[in-house]
Amino acid sequence: MSALQPLRHGRIALRNRIAVAAMSRMQGGEDGAPSPDAAAYYARYAQGGAGLVLTEALFTDEAGARAYHRQPGLSRDEHVAPWRAVTQAVHGHGALVFAQLQHGGRLAEPGLNRLHLAASDGAAAGTTWQTGRPNAPARAATTAELDEIAEGFAQAARRACEAGFDGVELHGARGYLLDDFLSASTNRRQDDWGGDLARRLAFPLRVLRAVRAAVGSLPVGYNLSLYKMDDAAYQPPGGADEVAAIARALAGAGADVLHVTTRRLLRDEPWGEPLAATVRRAAPGVLLLGNGGLKSLADCDEALARTGCDAVSLARPFLANPDWLARCRQGEPLRAYAPGMEREPLLAPPA
Ligand SMILES: Cc1cc2nc3c(=O)[nH]c(=O)nc-3n(C[C@H](O)[C@H](O)[C@H](O)COP(=O)(O)O)c2cc1C
């Protein structure tokens with residue numbers, strides 16, 4: 001299977017199997033609106049040939065969801081119009097675009113939110129991604145606060161529909177709030193939202209169902225990983241059986257797309273290829289996206305063949321080369337990704 005072949009899955013019709021993975025650029029306004037350059041920025045990925053573009057993570061409510069300073073969101077109805085400009089610009093170049101919805105949870109920048117909430121009391125290990133400050137102690141969300149968080153996701157998803165997105169993706173990976181609930185190492189709750197796997201899954205599934213109900217038949221995706229910003233080596237206590245049960249539950253609750261994000265999709269250890277292949281077997285009916293460490297078109301083809309994924313996503317290669325796919329197809333040189341590139345202006349000319 002070539003990554004250049006078109007893909008049809010339910011309502012999703014892609015011109016090829018290559019997606020731009022979510023990349024936070026921290027260039028929104030103080031009010032959470034995207035940068036005025038966002039439409040031209042996202043359009044560049046579509047113009048360069050990608051089949052699907054995922055937005056950077058967008059916060060879903062203003063009480064506790066923001067992860068980064070200057071993160072854009074979908075928390076207000078006023079955010080719909082600037083995001084509509086983005087979706088129209090991407091559609092103008094033949095790609096689909098999904099909005100990624102995120103609650104930062106305990107990984108939010110210290111002092112950023114009125115409420116610093118997590119599955120359980122305590123601080124994440126290490127320092128924050130944006131400013132490198134020690135992670136701040138968070139408080140376990142109450143059941144009433146969880147209701148509000150789920151409603152925030154649903155309302156943000158409704159706004160994504162109004163803005164013309166082709167789907168939404170829930171950020172359920174890397175230690176942010178949904179993953180915080182799912183992971184045995186961080187969810188130490190003793191109530192209905194913690195304990196065995198069924199209870200650790202309860203809040204992510206609740207959010208997924210609320211979003212599903214808010215968007216009708218619009219495709220809904222779920223981004224999952226084992227590794228976390230503050231724990232690169234996390235292993236689920238139930239191993240592959242647990243991963244399979246999670247994938248079945250997400251598909252059963254209405255996920256159309258599962259996006260498996262790994263550190264190295266084409267490596268076995270600890271969980272690259274086997275993670276995607278396990279999800280594939282457990283949820284044969286979803287559109288499966290694989291991600292992590294792919295660098296060439298040959299890597300993309302190999303990943304499709306070895307994992308059973310339907311499509312792949314790349315982040316850093318696209319950040320360094322918005323026209324990555326066009327350059328690959330024409331055999332043109334590629335700019336190498338360098339840490340910190342995400343802080344360059346959105347429309348910095350590719351070198
Ligand atoms: C600058 C930067 C920002 C990122 N922001 C997000 C994000 O907002 N949401 C998300 O799910 N993943 C985010 N990621 C992770 C990527 O989507 C991707 O999973 C990871 O970089 C591995 O893919 P790659 O090897 O193709 O870069 C980010 C990665 C980078 C490098």
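Mentor: Two strands count as paired if DSSP finds at least two bridges between them. Keep that in mind for this model, which is predicted.

Trainee: How many bridges pair strand β11 with β12, and in which sense do they pair?

Mentor: In general, strands of a sheet pair through backbone hydrogen bonds, either parallel or antiparallel. Here β11 (residues 287–291) and β12 pair in the parallel sense, over 3 bridges. Within this pairing, Asn291 stands opposite Ser313 of β12. Between the two strands the chain passes through helix α8 (residues 297–307), and this β-α-β crossover is right-handed.

Trainee: Which other strand is joined to β12?

Mentor: Strand β3 (residues 18–20) is joined to β12 by 3 bridges, and the two run parallel. Ala19 stands opposite Ser313 in β12.

Trainee: Are the two faces of β12 covered or open?

Mentor: Both faces of β12 (residues 311–314) are covered. Ala311 and Ser313 lie on one side, Val312 and Leu314 on the other, and all are buried.

Trainee: What do the paired strands build?

Mentor: They belong to a closed barrel of 8 strands with parallel pairing, in the order β3-β4-β5-β8-β9-β10-β11-β12. From one strand to the next the twist averages 25 degrees.

Trainee: How is strand β8 joined to strand β9?

Mentor: β8 (residues 167–171) and β9 (residues 220–224) run parallel and are joined by 4 bridges. His171 stands opposite Asn223 in β9. Helix α5 (residues 197–215) packs on the sheet, where it touches β8 and β9, and its direction makes about 155 degrees with that of β9.

Trainee: Which strands does helix α3 lie across?

Mentor: Helix α3 (residues 143–162) lies across β5 (96–102) and β8, and runs at about 160 degrees to β5.

Trainee: How should I read the burial of a helix such as α1: is it mostly covered or mostly open?

Mentor: An α-helix has 3.6 residues a turn, so residues three or four places apart point the same way. Helix α1 (residues 38–47) is mostly covered, with 7 of its 10 residues buried. Those buried are Ala38, Ala39, Tyr41, Tyr42, Ala43, Tyr45 and Ala46. The buried residues of α1 pack against β3, β4 (52–59), α2 (80–91) and α9 (316–320). Just after α1, Gly49 has a positive phi of about 110 degrees.

Trainee: Why does Asn291 count as buried?

Mentor: Buried means under 20% relative accessible area. Asn291 counts as buried because its relative accessibility is 10%. Asn291 is found in strand β11. Leaving aside residues up to four places away in sequence, Asn291 touches several others, including Ala21, His259, Thr261, Leu265, Ser313 and Ala315.

Trainee: How far is Asn291 from Arg25?

Mentor: The two are 266 residues apart in sequence and 19 Å apart in space, C-alpha to C-alpha.

Trainee: What should I note about the whole chain, starting with how many helices and strands there are?

Mentor: The protein chain has 10 helices and 12 strands. Its radius of gyration is 19 Å, close to the 20 Å that the globule rule gives for 351 residues, so the chain is as compact as a globular protein of that length. Along its principal axes, the C-alpha trace spans about 55 × 45 × 40 Å. Of the 351 residues, 61% are buried. Among contacts with a separation of 6 or more, 69% are between residues 24 or more positions apart. The accessible surface comes to about 13,000 Å², and 52% of that belongs to carbon and sulfur atoms.

Notes: Residues numbered from 1 in each chain as written. Predicted model: local features only at pLDDT ≥ 70, side-chain atom pairs only at ≥ 80, totals over all residues. Heavy atoms only, no water. Buried < 20%, exposed > 50% of the residue type's maximum accessible area, 1.4 Å probe, protein only. Right-handed = clockwise from strand over helix to strand, strands pointing away. Contact = heavy atoms within 4.5 Å. Axes fitted to C-alpha atoms, helices over the stretch in contact; angles between N-to-C directions. Rg over C-alpha atoms; globule rule 2.2 N^0.38 Å. Areas by Shrake-Rupley, 256 points an atom, 1.4 Å probe, with all protein chains shown as cover.
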